[in-house]
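Please open the structure in your viewer and keep the selection panel at hand.

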Amino acid sequence: MSKYSIGVDFGTLSGRAVLVDVDTGEELAVSVLEYPHAVMDKTLPDGTPLGQDWALQHPSDYIQVLSFTIPQVMQQAGAEAKDVIGVGIDFTACTILPVKKDGTPLCFFPHYASRPHAYVKLWKHHAAQDKANRLNQIAQERGEKWLARYGGKISSEWMFPKIWQVLDEDEDIYNAADYFLEAADWIVWQLTGRQTRNACTAGYKAIWNKQDGYPSKAFFKALDERLENVVEEKLNCEILPIGAKAGEITPEAASLTGLLPGTSVAVANVDAHVCVPAVKIAQKGKMLAIMGTSTCHMLLGDKEAMVPGMCGVVQDGILPGFYGYEAGQSCVGDHFAWVVQNCFPPSYEKEAAQKGLSPHELLTQKASALRPGQSGLLCLDWFNGNRSVLVDVDLTGLILGLTLQTKPEEIYRALIEATAFGTRKIVETFVQNGVEVNEFIASGGISQKNQMAMQIYADVLNLPVRIAKSAQGPALGSAIFGALAAGKANGGYDDILQASERIGKLKDEFYLPDPAHVQVYNRLYAEYSTLHDYFGRGGNDVMKRLKELKRKA
């Protein structure tokens with residue numbers, strides 16, 4: 001009788017579950033639910049306005065994902081609950097929420113429903129940038145050694161700037177919260193009835209280290225006297241290694257999902273990191289890019305190196321036995337969606353309808369006919385700030401070379417090229433600091449749907465590009481960890497590398513660089529680097545001045 005594992009991937013706009021045969025790796029069913037509240041960046045559900053750079057979510061949406069997608073994949077596959085041996089969860093991160101001792105989110109209480117800080121702060125909530133700036137300044141002044149593990153800067157996307165913002169702007173909410181925790185860990189709590197913290201988000205997003213723990217009380221006191229005991233008061237929970245078992249499905253969670261009480265649940269993970277075993281990466285030098293609304297770059301190494309602008313290096317943070325490196329770009333698919341939403345004229349809408357194509361498909365078709373450099377455009381891929389290597393969310397986008405003859409497909413292609421240039425900047429920074437990168441693997445929707453984009457990446461990087469076989473890489477990775485949590489004795493696995501080799505998937509074909517295109521892109525990349533350093537490293541802070549004028553207006 002076949003045994004199954006379920007992986008549930010909580011993304012930026014939706015959650016999805018995949019049911020996997022743990023012996024063959026076959027994906028038997030997939031179910032997706034769009035979050036009913038989506039991303040709240042203008043107002044709360046009751047109309048309460050939000051400030052600039054806010055991005056919130058409603059935790060009730062996550063519960064709906066569990067109650068909808070898990071029963072649906074079971075029904076689609078005709079699987080029985082007794083044959084499901086494990087569940088794994090992954091989440092976009094750092095995505096945090098304040099809760100009471102029993103795990104109830106503060107926004108569930110009517111008297112907090114109109115308080116923005118009572119809700120989930122999504123990874124791309126950037127309204128804590130002033131706190132990140134101050135945190136980095138104080139850490140540098142104090143000579144905090146851990147700062148180098150995060151490329152020299154802590155992002156406003158990470159946990160402590162967000163917690164500090166709550167304390168500074170709504171101290172009542174801070175005091176009412178018994179815990180701040182990652183949404184990933186909160187979901188596992190809802191499934192198992194037990195609070196756990198995973199080493200992946202703790203290491204990459206909460207400045208925790210396997211040997212040294214969190215930063216000192218003295219550091220947090222230097223930030224704000226009220227934060228001196230933040231770890232003991234708000235984060236006080238055991239941190240478990242990825243791949244471990246967090247607990248088992250409770251009767252309440254069984255009623256919600258249709259699974260049996262006692263089913264193993266894996267320690268939570270991050271969507272990008274969990275994707276590594278899904279593409280069979282088990283050695284250093286292979287960079288994985290999970291390409292969606294944003295891109296996360298994962299890389300394994302055999303030593304700890306300090307790389308400027310990386311998001312973090314964590315021992316055993318991705319796979320046991322390796323140092324796991326993370327970098328990222330805050331805006332990738334969001335760029336392309338912006339073109340469709342704002343630069344897609346009625347004539348193109350009519351043409352797309354006549355051809356039976358989506359707007360993205362039509363723009364890709366038209367952009368594919370262009371040669372590198374033909375558009376005369378060059379972009380900076382910072383429409384949502386820069387995560388790596390500049391770590392500055394106050395940077396904004398740029399399109400250079402526009403004329404009255406510029407067409408939407410030219411902008412579309414130039415933005416794809418810009419994201420590839422941004423990835424090349426990340427790759428070069430790793431290599432220059434002693435971390436090997438010799439192969440590039442792409443996962444996520446863009447890699448599956450847009451062959452032009454993947455060829456551009458191969459040409460810009462001058463590296464072979466391989467593609468994940470599964471369209472649901474993070475969910476598949478979570479299912480792998482679900483099988484690991486169950487263990488071999490229950491039909492799963494005791495070794496993550498064995499599980500990865502059995503269940504993980506890569507397509508056989510790959511993209512090779514075109515030498516003629518490489519030459520052109522080398523010239524464009526040199527121009528990109530000039531703009532990158534001029535606007536991003538203090539040569540001209542006009543982007544920040546404009547943003548401040550916008551804020552005041």
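**Cysteines and aromatic contacts**

Begin this tour of a predicted model by selecting C200, which counts as buried because its relative accessibility is 0%. Its sulfur is 10 Å from the closest cysteine sulfur, that of C296, which is too far for a bond. Select C275 next: this residue is likewise buried, at 0% relative accessibility. For C275 too, the closest cysteine sulfur belongs to C296, at 10 Å, too far for a bond. Across the whole structure, the search returns zero disulfides, where a disulfide requires two cysteine sulfur atoms within 2.5 Å.

Turn now to the rings. The whole structure holds 21 aromatic pairs. Display F344 and Y348: their ring centres are 5.8 Å apart and their planes meet at 80 degrees, so this pair is edge-to-face. F344 and Y348 are both buried.

Proceed to F421 and Y525. Here the ring centres are 6.1 Å apart with the planes at 50 degrees, so the pair is tilted. This pair links distant parts of the chain, 104 residues apart: F421 belongs to helix α14 (residues 408-432) and Y525 to helix α19 (residues 515-536). Both F421 and Y525 are buried.

Then select W146, F160, Y214, F219 and F220 together; these residues form one aromatic cluster.

The lysine K234 lies over the face of Y174, at 4.7 Å from the ring centre.

Conventions. Residues numbered from 1 in each chain as written. Predicted model: local features only at pLDDT ≥ 70, side-chain atom pairs only at ≥ 80, totals over all residues. Heavy atoms only, no water. Buried < 20%, exposed > 50% of the residue type's maximum accessible area, 1.4 Å probe, protein only. Phe/Tyr/Trp six-rings, centres within 6.5 Å; stacked < 30°, edge-to-face > 60°. Helix = DSSP H or I, 4+ residues; strand = E, 2+ residues; numbered from the N terminus. Lys NZ or Arg CZ within 6 Å of the ring centre and 35° of its normal.
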